[in-house]
Amino acid sequence: MKAQLLVMSTPDGPFTILAQEGVVLASGWTAVPGELTGQIHPELRPGDVEAVTDLGSISRAVEAFYAGDPGMAMAVPVLQKSGPFRAHAWEVLRTVRPGSPVTYTEYAELSGNAKAVRAAASACAFNAAALFVPCHRVIRTDGSLGGFRWGLAIKESLLAREARESLLAREAG
């Protein structure tokens with residue numbers, strides 16, 4: 001089955017999405033599609049890819065994120081494949097509130113195994129669907145950023161953007 005490839009311009013640089021039938025397979029801040037495909041489980045990798053100029057609700061969710069509404073991205077369907085802990089951990093990431101990052105230790109606890117801090121960090125490292133599965137919302141216990149596949153400058157920008165929007169929402173509400 002053919003997948004669709006879209007490269008969008010964002011304030012954090014090019015954001016590329018690989019989707020199939022309205023479901024995100026991979027995404028990240030790159031203009032090089034090959035940097036995404038290695039993160040996709042081999043059973044899910046598409047054989048054919050076509051470049052498109054719009055992905056409907058997926059595109060709108062990215063635009064909404066950068067316009068101050070990160071919630072739409074959490075409603076976009078994502079398909080990733082791994083073992084039970086990692087698959088569950090990815091779902092848990094989608095429940096972490098924007099503007100309220102968690103530590104790797106807290107993330108492990110939320111994922112059901114407080115002792116699985118390394119496994120939780122691994123779930124972040126192997127997350128193929130950046131933004132839609134917001135691994136950028138996980139930081140180190142000391143408050144430092146930790147790692148991020150797309151670079152710490154982008155992680156810092158995403159967290160700062162979400163913190164501003166969260167503050168504005170609290171002040172308005």
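Let's start at Ala75, which sits in the loop between helix H3 (71-74) and helix H4 (84-93). Buried or exposed, what is Ala75? In this predicted model, Ala75 has a relative accessible area of 63%, so it lands above the 50% cut-off and is exposed. Now jump along the chain to Phe132. Although Ala75 and Phe132 are 57 residues apart along the chain, their C-alpha atoms are separated by 8.2 Å.

If you leave aside its neighbours within four places in sequence, Phe132 is in contact with Phe15, Ile17, Val24, Ser27, Ile58, Ala61, Val62, Ala73, Met74, Val76, Val78 and Arg94. Phe132 also turns up among the residues with the most contacts inside the largest nonpolar core, along with Ile17, Trp29, Ile58, Val62, Leu93 and Tyr107. That core has 48 residues, and H2 gives the largest share of it, with five residues.

**The sheet and the helix on it**

So what does the sheet look like? Picture four strands in an open sheet, in the order S3-S2-S1-S4, with mixed pairing. Strand S3 (23-28) and strand S4 (48-51) are the edges, and each of them pairs on one side only. Going from one strand to the next, the twist averages 25°. Strand S2 (residues 13-20) and S3 run antiparallel and are joined by five bridges. If you want a spot to look for on screen, find Ala19, which stands opposite Val24 in S3.

Helix H2 (residues 57-66) packs on this sheet, where it touches strand S1 (2-10), S2 and S3. The direction of H2 makes about 20° with that of S1. Why is H2 described as largely enclosed by the rest of the structure? Because seven of its ten residues are buried. Those buried residues of H2 are Ile58, Ser59, Ala61, Val62, Ala64, Phe65 and Tyr66. Just after H2 comes Gly68, with a positive phi of about 110°.

Back in the sheet, Gln4 lies in strand S1. With 16% relative accessibility, Gln4 falls under the 20% cut-off, so it counts as buried. Not counting residues up to four places away in sequence, Gln4 touches Ile17, Leu18, Ala19, Gln20, Glu21, Glu50, Val52 and Leu55.

Glu21 lies in the loop between S2 and S3. Its relative accessibility is 60%, so Glu21 counts as exposed.

Leu131 has a positive phi too, near 80°, and it is also a residue other than glycine. You'll find Leu131 in the loop between helix H6 (117-125) and strand S6 (138-139). Buried or exposed, what is Leu131? Its relative accessible area is 1%, so Leu131 is buried.

**Aromatic rings**

How many aromatic pairs does a search of the whole structure find? It finds four. A pair of rings is described by the distance of the centres and the angle of the planes. Here are two of the pairs:

| Pair | Centre to centre | Angle between planes | Kind |
|---|---|---|---|
| Phe15 and Trp29 | 4.7 Å | 55° | tilted |
| Phe65 and Tyr66 | 5.2 Å | 80° | edge-to-face |

The pair of Phe15 and Trp29 links distant parts of the chain, as the two residues are 14 residues apart. Phe15 belongs to strand S2, while Trp29 is in the loop between S3 and helix H1 (34-37). Phe15 counts as buried, at 0% relative accessibility. Trp29 is buried as well, with a relative accessible area of 7%.

Why is the pair of Phe65 and Tyr66 edge-to-face? Because the planes of the two rings are at 80°, which is over the 60 degrees needed for that kind. Phe65 and Tyr66 are both buried.

Then take a look at Arg149 and Trp150. The charged end of Arg149 sits over the ring of Trp150, 5.1 Å from the centre of that ring.

Terms used:
Residues are numbered from 1 along each chain as its sequence is written. This is a predicted model: local features need pLDDT of at least 70, side-chain atom pairs count only at pLDDT 80 or more; totals for chains, interfaces and linings use all residues. Side-chain values use heavy atoms; hydrogens and water are left out. Two strands pair if DSSP finds at least two bridges between them. Axes are lines fitted to C-alpha atoms, for helices over the stretch in contact, and angles run from 0 to 180 degrees between N-to-C directions. Contact means heavy atoms within 4.5 Å. Buried means under 20% relative accessible area, exposed over 50%, partly exposed in between (1.4 Å probe, protein chains only). A nonpolar core is a set of buried Ala, Val, Leu, Ile, Met, Phe, Trp, Tyr and Cys residues joined through side-chain atoms within 4.5 Å. Rings of Phe, Tyr and Trp (its six-membered ring) pair if their centres lie within 6.5 Å; planes under 30 degrees apart count as stacked, over 60 as edge-to-face and the rest as tilted. A charge sits over a ring if NZ of Lys or CZ of Arg is within 6 Å of the ring centre and within 35 degrees of the ring normal.
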